[in-house]
Amino acid sequence: MKNISRDMVRKNGKPVSCEPCRISKIRCDHQQPTCRRCDIRGLSSKCYYHPAPLTRPRKKSRAPRSASPANPSREDEVFDVSSSRGDSIAPTGPQMGVTSASQPTYLGSTSFMSAFDHSQQDMYLSTPKTAHASTLRKAWSADFTHVFPRLVQLLRPLRLYEDLVTDKYYRSSFTVIPAPLVLAPLKLLRNHWDRERWPHEGLGSRITQNTATQLIKVEANMTTDQFYHLFTGANLRWEFVGIIFAMAGLGASVSSSSPWFSLNGKDEISSDAFAMEMAAASHACLEICRQYDSVNDLVVWLNYAYFVLASNIMGETSHQIYTQFGDLVSCIHAMGLHRPHSPESSIPFFISQTRKRVFAASYRTDKNLATFLGRPPRLPYHYCDVALPLDLDDYSLVLDNLSLDKAVRQLTSDGWGTCNGGLRPATVIRLRYMIARLREQVMELSLGRGSVGSRQNELHITYQECKRLWDKVPNEFHYSKHTWEVLGPHLSIVSLVIHLEYLYTVFQVERIRCSESLDAMTDLLDSAMQIVSVVTDFTRQRDQEGSIREQYTWIVSHCNLFPCLSHIP
């Protein structure tokens with residue numbers, strides 16, 4: 001060690017630590033001009049010795065002590081270093097109860113709320129938001145050294161996350177990323193750490209090094225194991241860490257076990273608080289990836305998983321959710337997922353099908369958001385040319401070539417599989433995509449600028465396509481009152497939700513027809529009554545699990561709104 005000047009010694013006689021080591025709370029070797037730890041971690045450019053590191057700027061207003069209970073002297077930290085819950089990333093204390101009025105945002109004519117007031121050409125949405133929303137979109141500096149230790153610490157209960165993610169895939173039919181592409185590498189990671197023990201020292205730096213320097217190069221003949229090797233085990237990346245956090249947060253909402261979770265082995269937090277913690281952690285991983293300008297399949301998965309989790313927490317009326325979806329669309333475009341792959345850029349079957357699933361699910365979400373807010377879609381069909389994913393179960397995607405060929409041959413010429421007592425995630429994605437395609441046509445009629453003559457023709461075409469939609473779908477996937485006798489409660493509700501999406505699309509078409517001619521009022525009322533009838537089916541079921549009933553109570557309150565508005569053209 002070089003001689004340390006008197007200015008670089010603290011009052012207690014100990015040498016001053018460099019700023020990255022001090023902030024990360026790790027031992028510094030005090031080498032000058034840069035310490036060896038920073039050299040190893042690739043932080044040489046940020047390594048310097050502050051002569052008075054704890055001195056606060058005089059002009060800076062002091063934050064309340066309650067905002068940073070772990071270390072009140074560092075009010076400019078993005079998140080608390082630790083808390084009573086153990087290395088918390090989400091905000092704690094009184095600020096969680098703070099709400100503020102959001103800036104009103106535009107609502108178009110297809111929005112549910114627009115039906116309340118037709119005298120206003122433009123409407124605006126203003127909803128309260130929690131402090132958690134602002135926390136998830138905190139401005140991040142280029143220096144993530146204070147975040148890495150907390151994310152690494154959050155990785156400790158990996159077994160808990162594995163159980164939650166497994167439960168999520170087992171209990172939900174709305175999953176998009178195929179189960180084996182998440183569960184298999186997650187298990188490989190846990191096995192790797194079981195052999196190597198907990199690799200806490202330098203783990204954050206190694207993950208960052210992998211993320212920043214190693215490309216995820218997908219090759220045509222790549223096996224699933226080769227694909228997993230790119231981002232798990234010793235090659236762990238922040239993209240996959242963020243996916244683990246996001247999927248665990250989603251799993252907590254459907255978990256069949258205790259509604260309380262522990263991240264540090266001692267203190268327990270509720271499932272809602274756990275989901276918020278996972279959302280903040282996955283967002284941190286996403287921000288790290290953005291710093292390195294990473295765009296790959298895992299980044300797309302992380303953007304999608306985080307969007308779903310964050311929208312569950314904050315609701316789709318949040319402007320941050322609207323912005324986050326824009327980031328997802330940007331990644332989809334950057335990856336070219338909206339266009340078919342050329343023969344020269346062939347990719348493994350399981351990657352190809354996953355990309356189609358993610359695109360189709362994102363396309364449906366885009367139309368859902370656009371309809372709800374009355375705004376233009378961000379994934380217009382006019383610029384997209386992607387075939388529907390095949391109606392295969394998740395584990396068929398990773399079969400050997402011989403078994404895969406056999407599974408594909410059992411599909412119909414249109415790519416549909418058989419019901420066999422259940423709905424596969426791919427079945428749900430296909431059905432919702434087809435309805436979303438109709439919904440975009442309805443939006444063009446409502447929000448577009450077509451001429452009067454062309455509008456009448458397009459309205460007629462859209463109306464006929466709505467009526468013929470189910471002719472393209474095998475009868476066993478149609479919803480009816482008998483669905484509850486064939487499928488279990490959960491899958492019946494999934495089928496019911498899909499059917500309600502279709503009925504609401506028809507309802508929107510009938511509203512447009514009614515605005516053109518009052519002769520269509522009978523059809524509008526008929527559509528409204530169909531929605532009421534389907535919702536009544538849901539309320540009549542008394543043998544459903546309590547968690548399922550609670551999870552889907554929005555069906556009663558939300559969907560019954562549409563028929564009540566049917567008298568408003």
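A search of the whole structure, a predicted model, finds 17 aromatic pairs. Rings of Phe, Tyr and Trp (its six-membered ring) are paired if their centres lie within 6.5 Å, and planes under 30 degrees apart count as stacked, over 60 as edge-to-face and the rest as tilted. The pair of Phe261 and Phe274 is tilted, because the ring centres lie 4.8 Å apart and the planes stand at 35°. This pair links distant parts of the chain, with Phe261 in strand 5 (residues 260-262) and Phe274 in helix 10 (residues 271-291), 13 residues apart. Helices (H or I, at least four residues) and strands (E, at least two) are DSSP runs, numbered from the N terminus. Phe261 is buried at 4% relative accessibility, and Phe274 is buried at 0%. Here buried means under 20% relative accessible area, exposed over 50% and partly exposed in between (1.4 Å probe, protein chains only).

The rings of Tyr363 and Tyr381 form an edge-to-face pair, since their planes lie at 70°, with the centres 6.5 Å apart. Distant parts of the chain are again linked: Tyr363 belongs to helix 13 (residues 349-373), while Tyr381 lies in the loop between helix 13 and helix 14 (401-409), 18 residues apart. Tyr363 is buried, with a relative accessible area of 0%, whereas Tyr381 is partly exposed at 34%. Lys367 lies over the face of Tyr363, at 3.5 Å from the ring centre. The charged end of Arg513 sits over the ring of Tyr463, 4.2 Å from its centre. For such an arrangement, NZ of Lys or CZ of Arg must be within 6 Å of the ring centre and within 35 degrees of the ring normal.

Ring pairs also link Phe227, Tyr228, Phe231, Phe240, Trp301 and Phe350 into a cluster. Leaving aside neighbours within four places in sequence, Phe227 is in contact with Ile216, Val218, Met222, Trp301, Phe350 and Ile351, where contact means heavy atoms within 4.5 Å. In the largest nonpolar core, of 94 residues, Phe227 is among the members that touch the most others, together with Tyr161, Phe245 and Phe274. Helix 11 (residues 297-314) supplies the largest share of this core, 12 residues. A second, separate core of 41 residues includes Leu423, Leu431, Val497 and Ile512. A nonpolar core is a set of buried Ala, Val, Leu, Ile, Met, Phe, Trp, Tyr and Cys residues joined through side-chain atoms within 4.5 Å.

The secondary structure of the protein comes to 22 helices and 6 strands. Of its 569 residues, 51% are buried. Among contacts between residues at least 6 apart in sequence, 73% join residues at least 24 apart.

His30 is found in the loop between helix 1 (19-24) and helix 2 (36-41) and is buried at 14% relative accessibility. Asp293 occupies the loop between helix 10 and helix 11 and is exposed at 66%.

Residues are numbered from 1 along each chain as its sequence is written. In this predicted model, local features need pLDDT of at least 70 and side-chain atom pairs count only at pLDDT 80 or more, while totals for chains, interfaces and linings use all residues; side-chain values use heavy atoms, with hydrogens and water left out.
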